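I am opening a notebook on a structure that is new to me.

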Amino acid sequence: MNFTKIIQVFVPLLGIELIFMIPAMIWAMIDHDVHVQIAFIKTMIVIAVVGILFWLVSRDAEDGFYAREGLVTTGMAWIIMSILGCLPFYFSHEIPSFIDALFETVSGFTTTGSSILVNVEEMSRGLLYWRSFTHWLGGMGVLVFLLAIVPLSGKNEGFTLHILRAESPGPSVGKLVPRMRQTAIILYVLYFVLTVIDIILLMVGGMSLFEALCTGFGTAGTGGFGVKSDSLASYSPFIQNVTTVFMFLFGVNFSCYYLIFINRIKDALKDEELHAYLGIIFVSILVITLNIRPLYQTTEESLRHAAFQVGTVMSTTGYATTDFDLWPGLSKGILMILMLGGACAGSTGGGFKIARVVLLLKSLRRNIHENLHPSEIKKIRMNGHIVDEKVLANLNGYLAAYVGIMVISFLLISIDGFSIETNVSAVIATLNNIGPGFAEVGATCNYSMYSAFSKCVLIFNMLAGRLELFPMIILFARTTWTRK
Amino acid sequence: MKIIIAGGGKVGTELTKKLSREGHEITLIDLDAEVLENIMEHYDIISIQGNAASLDTLEEANVQEAELLIAATDRDEENMLACLTGHAVNPNLHTIARIRDPEYKSQAIRLRDIFGLNLVINPEKDAAVEISRLLRFPGFLNIETFAKGSAEIVSFKITADSPINNVELKDFPQKIQTQVLVCAVKRDGKCIMPDGLFKLKENDVIYVTASSENLSALLKNLGIITKKTKYVLIAGGSRISYYLALELEQSGIQVSIIEQDPEKCEALASDLPEVTIIEGDASSQDFLDREGIEKYDALVSLTGLDELNIVMSLYAKARNVPMVITKLSHAENNRILDSLQVGSVISPKELSCNGILRYVRAMQNKEGAALSVHLIGEGQIEAIEFEISENDRYIDTTLKDIPTKKNVLIVSITSRGKSEIATGNSKYHTGDIVVVVTNADNPIRDFNEIFEG
């Protein structure tokens, strides 16, 4: 393992984090929050010192960067970013406990949106801005951002592919164009433009600039941190509908947008995953609207709430316009299943990914078919291309790891003694980067009641979920750390 | 430039490496996912799994917007069809196809327009031409020709009894009394661009620029006796052997080919009536002795196995065959070869890459772009030919006053067909052809890039 080279990658990363703290600092200056400004300055000094240390250590790094370095870089980068990113909350004493601050920041970067804050309105605006901005940065991936702006070179110029793969969600991540840097720039430009459109529409709907920015960041990254305790419930139907649409949009694979952008609309619309995604959305909204109709006065209202909640859960955002914990069992059940499915591969959303679900179902159908016709040879296709058996084997491994993490973390947090529904939904909501779960971690509640140990387990879940399990799991493998 | 490369074999990989480093956007097509994965790990490119001759695959590779398609799969038919298809979709597409089968040779050239081929690359043919050039100029390991044949870069190995063994470079021209310039030295597999205090040692391979007229004087003064090659033994009846025999036959050289496979012998015998075809195992030293290996002027090892070629060449050297040429498919083995007596090494892969790179650079031929590029020393050193235009800097300035970058050397200036070896007092004028030698790490595309600042 080439650790010096890995550390070398962290240096510009810390620079990026430091620079992105400046806008948050400006909000604190506008509001004359001296303690927040001091907290940010302290954090920046810490980041600068760590950055200089890293730079000194890694000046003469040798080339040699392969798949495992890519995984370890990604896993460690996210941990380091989170630890440094949580310092403003901690230094300002607005979140007094370090574990809580870390939980909040990891929840931000991983675009989960699970909060330990009891009362969001009490927080100062500088910190709220930073909290929401972590969603935006974490949504497309901070290393991808790095790839876009810093030309990482080396003898092994293909190594950047491992970073893209480790950080971007989906079973088979590829480049859009031959050059990695160009690919990263395209992704970020699409992301930026969509975010700006969302923010403008939110402001048209009557939000202040600050609220629109924070809500926009949360929507774009499919995070879910709001600036109000009741999330989006008190905003106008227009704002809620805009957010619904954009949550769905950010849950779509960004390569579809690229194809539309380069005028290959037909190819973009042929994507099987997109069809499944839209199909699931349509059916779920329909069923839930009918199911919750008696709870609301008009069909419009129940449709709006159904669409919003389906969007928030499926894109793994985690906003809420209503307390869906009070909905009937069928609707809650559907939402729980949607939580597991997640958004499309290559989007900013989390979860198991629709592409994987589609592949699993296809492979299941093949298994059944093979039982009936043992000598028939069948290939699985996705978008007309034959899926490599290796991808399918990886998928099974992924499923095993996914279920394994879920079961173990469920057992670990059960020690705290909350209800099964709370614990199950807490694990699902963090591992799939959704945010709120059901019962005591429901839309109107938060995660503050868990013990520090359980919070650590959930922090791991959020990171593992965002990075598609393996970059985090590999950090716990002994062979990663021993020389061999 | 957007370039599609079809086929991730030896040539495809080498081209991917070279062209990607030069800043081109590469899309690589291959049938084998594992091959693609491996190449993707090393170079910043995009890959597509599929048949390069199919329209779907080419469209997926965005052939509509590509500027160049290089078809280098191992099947000629696929290469031709890929170019044909690509050209049909995008009429502005330049295409290069590798076509190896002699049966398609005339077809590919005559049907160029129909297939939309801009360049046909035949590694075996190119290797044969190169080998025959070496055989006609015995004494040098390699010859690269510039400025329409008026300047050359030749390479040779320094032997223990050579007059220039243990000589410092600044004394080199005096020692051999010829106007030449040492532009690079290969020692222990690494190419160095030496300064005047560099001391030559035994087994160094040196690359020297000289004008064509001076070549024979150089050979004489170096003490390399050159006898005209009359009898050549070729071990292995491959495609290169076929092309080489044809070439040599035309220059009146007697050729014998040893081949083990009776069917191949039959085919060669019917295609090459003037050539002696011997059926037998060239790797058997007894057999070589029986055929009288020591009587030949040259042995060319052209079997498909690098190891076998090396062993045969070593044996030929031991039996005092004056000229030995070894074909290696994996030139990267060359590093250990410098200490072995295997004569000149020919790598078909490198030769076809050279040809294609030259074409790519010519495509970018805007102001100041290179006329041609030659890779020497396993591609570690590039010799680039430029025509000086009015916009180039330092015209009519003596070379010693020009600040060039490190590892960049102007080696020859050709003015009105007359070549001159560059010295500190040389000047170049508009319209001259200048050859620049540089190490391949920092590719130079524009003449003005060679200057500091």
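The entries below go from the interface to single residues.

**Ground rules.** I note that this is a predicted model, in which local features need pLDDT of at least 70 and side-chain atom pairs count only at pLDDT 80 or more, while totals for chains, interfaces and linings use all residues. Residues are numbered from 1 along each chain as its sequence is written, chains are lettered from A and ligands numbered from 1 in the order in which they are written, and side-chain values use heavy atoms, with hydrogens and water left out.

**Interface.** I looked up how the two chains meet, and found 19 residues of chain A and 18 residues of chain B in the contact, where contact means heavy atoms within 4.5 Å. Between them, chain A and chain B bury about 1,600 Å², of which 42% is on carbon and sulfur atoms; buried area is the accessible area (1.4 Å probe) that two parts lose on being put together, summed over both.

I then turned to the charged pairs and noted two salt bridges across the interface of chain A and chain B, a salt bridge being a side-chain nitrogen of Lys or Arg within 4 Å of a carboxyl oxygen of Asp or Glu. Arg165(A) and Glu37(B) form a salt bridge through their side chains, at 2.9 Å from N to O.

On the side of chain A that touches chain B, helix H8 (160-167) and helix H9 (180-204) each supply at least two residues; helices (H or I, at least four residues) and strands (E, at least two) are DSSP runs, numbered from the N terminus. H8(A) gives the largest share of that side, four residues.

**Helix H2 of chain B.** Which residues of this helix are buried? In H2 (residues 33-42) I find Leu36(B), Ile39(B), Met40(B) and Glu41(B) buried, where buried means under 20% relative accessible area, exposed over 50% and partly exposed in between (1.4 Å probe, protein chains only). The buried residues of H2(B) pack against H8 of chain A, and also against helix H1 (10-21), strand E2 (25-30) and strand E3 (46-49) of chain B.

At the start of H2(B), I see a side-chain oxygen of Asp32(B) within 2.9 Å of the backbone nitrogen of Glu34(B).

**Met207(A).** I located Met207(A) in the loop between H9 and helix H10 (209-220) of chain A, and with 5% relative accessibility Met207(A) counts as buried. Leaving aside neighbours within four places in sequence, I list Leu202(A), Ala212(A), Thr215(A), Tyr235(A) and Ile239(A) as the residues in contact with Met207(A).

**Ser426(B).** Is Ser426(B) buried or exposed? Ser426(B) counts as buried, at 2% relative accessibility, and is found in the loop between strand E21 (418-421) and strand E22 (433-439) of chain B. I noted a polar contact of 3.4 Å between the side chains of Ser426(B) and Glu420(B); a polar contact is a pair of N or O atoms within 3.5 Å, and within protein one must be able to donate a hydrogen and the other to accept it, while residues adjacent in sequence count only if both atoms are side-chain atoms. A polar atom of the Ser426(B) side chain also lies 2.8 Å from the backbone nitrogen of Thr423(B). Beyond neighbours within four places in sequence, the contacts of Ser426(B) include Thr397(B), Leu399(B) and Ile413(B).
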